[in-house]
Amino acid sequence: MNSNTLLEKLDRFLSPIGAKVGNQIHLKSISNGMMMTLPLIVVGSLFLIIANPPVNPDLVNPETANIFMKFMLSWKEFAVNNYQTLTTPYNMTMGMIGMMSAFAIAYCLASEYKMKAAISGLISTAMFLMICAPSVDGAIATNFLGADGLFIAIIIGLLSVEITRFIESRGWQFKFPDTVPPAVTAFVNSLLPLFLNIIVLYGINILIMISMGVGIPEAITKILTPALSIVDNIWGYLAVITFGNILWLLGVNGTSIIFPILFTLGVQNTGINADLVAQGQNPSVIMNLQMFRIAILGGAGNTLGLTLLMMKSKSTHLKSLGRLGIVPGICGINEPIIFGGPIVFNPILAIPFIVTPIITVLLAYLAQAMGLITPGYLVDPSFTPFFAQAYFSSMDWRNVLFTFGLVILSVVIYYPFFKVYEKNMLDQEGVCSDSIA
């Protein structure tokens, strides 16, 4: 079977599904709302990279280091001493993505319904803050203002508009003479929707607090977090990775759910390998931190290959997105691709998003077991280029070459699905596309 035949079959099977999902008004509003927040994600990602320079001071002797490494050490020292200052742009952009999305999604859905979009967005934001950032002693909790609160933001954004629409569809609004300023009319008619939103949405939150002892965000996290005991083997590990990626497809930050489990396991097993190396033995524990780095190579779903494909796309949207997302993607930050593509609620790109990490983790497992690469025995720095992480985890250049090979593999896996999605995007952009090859 040649590649054109495969692409045509994928196109016939996936394109109608993608078109149906893409035109569903709620999913369309989620996608458009995510696009509104894309600049916040991209800029926030860049500042996170600046605050986490790709160097491990414990592995470099400043007295014998060259000029470049001395610069990197100085950068690291500056970043450590000024970490809060450097990460403030991140905290106020990407760190607020949940709250911003609550506004943007409600705004887009209200626009689809020809409702007052700005007021709907404000009501949604108010509800999000009540549920996800309650005030305690004059301070608000920030845990769920960012990506961890995105799933709640989607639900609140959609439900709050539907509640307001329920009121408007029944004509429960005040009618004023034309002499009354429109701002006054809008103010009065926003009171009942806000009140009913509080009764319904915040009321549900209170009921959950009474029954479970925590609010909606904490309750969802508590339910979704799997047990640690199942992940210290390859099949349990793959199950948890896949679970996290499925959550991403639903708009939930799956990495934040599985991170405490896999990172804790990874650091623990990396420490065991470090002890073996200190005793003059070879590192042998495979489920180490390096495995987690490979599971999220280029971000959740191993999307670095997809980003490279986007950079060469005929679609203006995908090409721009690829160019914006390549630097964050190299450092393992792929929210611009997940929410900008989007991959969330995208049945076409969902398949390689789930399959690619399964294949790369399996290959990493086999490569370590066969001695082709060195199991990680050092805790490498986060948010640094994937090739730097590969080297610092094992001090072995074979690991670096291996990760580059995985990136090429991700390009191959994503390619047929990307071409089908690209064709759909070109159709939407009004570009003639006679062939998807």
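Predicted model: local features only at pLDDT ≥ 70, side-chain atom pairs only at ≥ 80, totals over all residues.

Analyst: A cavity is a set of grid points where a 1.4 Å probe fits but cannot get out, and its volume is the space filled by probe spheres set on those points.

User: What makes K116 a lining residue of the largest cavity?

Analyst: A lining residue has an atom within 4 Å of a cavity point, and K116 is listed in the lining, therefore K116 meets that cut-off. The lining also includes I119, S120 and I123, together with T164, E168 and Q173, and A186, N189, S190 and P193. Two or more of the lining residues come from each of α7 (117–132), α8 (150–169) and α9 (182–212), with α9 giving the most, four residues.

User: How do you know that the lining of the second largest cavity has no charged residues?

Analyst: Asp, Glu, Lys and Arg count as charged, and the lining consists of I241, G244, N245, T255, I258, A295, I296, A300 and G301; the division is therefore five nonpolar, four polar and no charged. The lining of the largest cavity, by class, has four nonpolar, five polar and two charged residues.

User: Which helix gives the most to the lining of the second largest cavity?

Analyst: That is α11, with three residues, while α11 (234–249) and α12 (254–278) each supply at least two.

Conventions:
Residues numbered from 1 in each chain as written. Heavy atoms only, no water. 1 Å grid on protein atoms, 1.4 Å probe; cavity = no way out; pocket = protein on both sides within 12 Å on 5 of 7 lines; lining within 4 Å.
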